[in-house]
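Hi,

Here is the structure I promised to pass on.

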Amino acid sequence: MLIGNYKASYAADESIFGSWPMRYGFAAMVVVLAVLPFAANSFIVFLAVQVAIYTVAITGLNILTGYTGLISLGHGALVGVGAYATAIFGNWLGVPFWVVIPMAVVTTAVIGLGFGLPSLRIRGLYLTIATLAASFIIIFVIEHWKSVTNGDSGITLAPASVFGIDLVSDAQKYALIVPIAVLAVLFAQNLFRTRVGRAFIAIRDSDYSAEIIGVGLTRYKLLAFALGSAYAGLAGSLWAYNFLALLPTQFELQLSIVFLAALVVGGSARTLGPVFGAIFVILIPEFLKWVFGFLTPFSPTIVEYTAPANTIAYGLLIIVFMIFEPMGLAAIWTRFWRYLNLWPFSP
Amino acid sequence: MKVDRRTVLKGTAAVAAASIMGMPAIVRAQSKKWVFAGSSPLTGPFAQAGTTALKDLLDWVEMTNDMGGIAGRPVELIHEDSGYVPTNSLANFKKAMSADEKPIFYSGDSTGFMKLVAPELTRTPVLCGGTSFASDLANPATNPYQYIAGPTYQAMFDILLKHVKDNGGSTVAFVYSDTEFGRDPIEHGRAAAAALGLKVVHEEITKAAGAEVQTHVAQLRRANPDFVILHGYVTGVWPEIIGTARAFKMETKFLGTFWGMEKVIADGVTAKAGPILDGYAGVLPYRYFYEAKDSASYSKFFAFKKQKYGDQFPGYVVTWSLQPMFSHELAKNAIEATVKADKEVNAANLIAALAAIKDWDSGGYMGQPVTVVNHSVPQGRVYSYNAENKLFLPVSDWIVT
């Protein structure tokens, strides 16, 4: 019977799924994700795909902001870079999605690296403003480089294809996107057990101290930008294969703010934080719509009041979470499993 | 005659069969109601227009049902808020299309949505109208199930530039919002102006809401064009630009496109700032409600509103509502034509019926008989605001582009 979180070996200390609730919890989640497209209607599957895409994007932001302490307001635009790179490479070269996705990831990482250069000279609020400028520059280029991006008219792309089958239904897109998202989250979890990940954390906690103990700030800050942007590029690529039509307005500043809010609500510097954050920003508005929808039979025009009430309730929920759980939803989750692991000797 | 249980059952069955046989065969096999779905901006920057239009649209549905529905079947309207975010609208669309009872008509709320939904429509086709007049949509080859309930923004620019030419103008400036909505007709406008021998002396790009108008107007004053076309706004920016220009003593004439032609906004500005909008003109594809109150369509709606709201109904329906109502009228027309032809009511047959509309009397919505060309209705008229009687009055004939 466990009465404490004791680690008897280095392997146990480094284990991703260190306790039985986490192991079985992960297995249960895999089973649920495998069954979902067969059990749910296409709208639920569509939402699940969106959660997966947001999870990948917010995981990238988590690497940059949560673990390395470099706040970015340009992440939404970098997702746009990944999405447009996917459409452009796909349309120009006609190569399959498994070639296009890495190309889009590398392109976004390189562009993100460029926008990360100011982080070598400035930090904190100043760096945030610099990344905000990056957001505006990227959107401006997408809107005005019409010969490549088709400007405001948007761009379309062919669906991803596996053995000649076009992935066009929600279930087919789910089968492509959700496994990639799960692998991306697992990769991030592993990253912070490596030298690189720990260097990121050292920089976040104190970059002067990190440099004194031998962490190269230039290298690791740029690497954090490149990795965070690579995740943004992957999310953008999956976004492109999900929607099959792209518009510059989809990737404007509001998207970056949503990502940042999701990270804070979900839990910054925690692997599951982006997952909870994505679930929160995608599913809570739909849940509130469903709740307020029960009022519609009383008056068809009540939607005029319930729609703003929905937005207000959503905002209030974020505030409530920030007050009562500033560590994010992931902290509640961790406490729950810890409690379960130690039961009946839980504190 | 002996009336027993068996006779009653037989009689009931015979009456039911006779009633059913009166309908075309294909309709009998389909749903007992028409489900219409849509999303509109009930929150966000265009919430004022969205909420007003939704109320009127719900009344239009109620009135239609009171009058026997469409082809004998009632309409059910399912509606959601989008916040004017295209991805939200797309989620609303997916939800509607995954419901047990799928809609036969979907109404979108932005150019962004209409573009995002295009790939989805190839997989789950449905007749799709909306509030957008985006020029790209008037293309049956690329957007086979979508239509525009009026002229495209490019066609509106054609009408306005013709008005400039007819009124002795030689120079023109374009002021537009930094949105896909604002930029839509600009390139076409440059070419159309050149073709008419007009010189585009200046272009000014502003924010869609909350723009710093003084700097924009200062640039306009330096260019000093005969006419300025304002485009890409709904409730704000355009009145501030005109007001500031008047304060700068500019003599330039201002023109607008559909979403900047609402009397309620013009009246509000006049009440606060005086007659600064006097002479402001623009293109409208529909008749103002007060202008055609006695027409077949408007009079029915007027009577319905009066009966439902009494004195609370001011007797005026905003242009933001006329647009979705006319869009739904086109869908209604397509359904009726499809049912009459005894064809299955599906997206392919509905859009074919809609595309075949020719010389249809819209009962007052439009000044000319309605003919659908490239999934749009390319006609409009120039109206000018009179600050004294607070009315937009026609200053041109109906122009079919």
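First, the ground rules. This is a predicted model, so local features need pLDDT of at least 70 and side-chain atom pairs count only at pLDDT 80 or more, while totals for chains, interfaces and linings use all residues. Residues are numbered from 1 along each chain as its sequence is written, chains are lettered from A and ligands numbered from 1 in the order in which they are written, and side-chain values use heavy atoms, with hydrogens and water left out.

**Chain A overall**

Chain A has 15 helices and 4 strands (DSSP runs numbered from the N terminus: H or I with at least four residues for helices, E with at least two for strands). Its radius of gyration is 21 Å, close to the 20 Å that the globule rule gives for 347 residues, so chain A is as compact as a globular protein of that length. That radius is taken over C-alpha atoms, and the rule is 2.2 Å times the number of residues to the power 0.38. The C-alpha trace of chain A spans about 60 × 60 × 45 Å along its principal axes.

Of the 347 residues in chain A, 48% are buried. Here buried means under 20% relative accessible area, exposed means over 50%, and partly exposed is in between, with a 1.4 Å probe and protein chains only. Among the contacts in chain A with a separation of 6 or more, 77% are between residues 24 or more positions apart (a contact means heavy atoms within 4.5 Å).

**Two helix pairs in chain A**

Axes are lines fitted to C-alpha atoms, for helices over the stretch in contact, and angles run from 0 to 180 degrees between N-to-C directions. Angles under 35 degrees count as roughly parallel, over 145 as roughly antiparallel, 65 to 115 as roughly perpendicular and the rest as oblique. The residues of α3(A) that meet α12(A) include A:Y54, A:I58 and A:L61, and those on the α12(A) side include A:L255, A:F259 and A:L263. By class, this contact of α3(A) with α12(A) has 10 nonpolar, 3 polar and no charged residues. For the classes, Ala, Val, Leu, Ile, Met, Phe, Trp, Tyr, Cys and Pro are nonpolar, Asp, Glu, Lys and Arg are charged, and the others, Gly among them, are polar.

The other pair is helix α2 (residues 20-39) and helix α15 (residues 329-342) of chain A, whose axes come within 8 Å and cross at roughly 120°. α2(A) and α15(A) are therefore oblique to each other. A:W20, A:P21 and A:G25 of α2(A) touch A:W337, A:L340 and A:N341 of α15(A). The tally for α2(A) with α15(A) is 4 nonpolar, 2 polar and no charged residues.

**Strands in chain B**

Over in chain B, 4 strands form an open sheet in the order β2-β1-β3-β4, with parallel pairing. (Two strands pair if DSSP finds at least two bridges between them.) β2 (75-81) and β4 (127-130) of chain B are at the edges with a single partner strand each, so one side of each has no neighbour in the sheet. Neighbouring strands are turned by 20° against each other on average, direction ignored. Strand β1 (residues 34-40) of chain B is joined to β2(B) by 7 bridges, and B:F36 stands opposite B:L77 in β2(B).

Then there is strand β5 (residues 171-177) of chain B, where 7 of its 7 residues are buried. On one side of β5(B) are B:T171, B:A173, B:V175 and B:S177, and on the other B:V172, B:F174 and B:Y176. β5(B) runs parallel to strand β6 (residues 199-206) of chain B over 7 bridges, with B:T171 partnered by B:K199. β5(B) is also joined by 5 bridges to strand β7 (residues 227-231) of chain B, again in parallel, and there B:Y176 stands opposite B:H231.

**One helix, two residues**

Finally, B:T64 sits in helix α3 of chain B and is buried, with a relative accessible area of 4%. B:D66 lies in helix α3 (residues 47-66) of chain B, but counts as exposed at 58% relative accessibility.

Cheers
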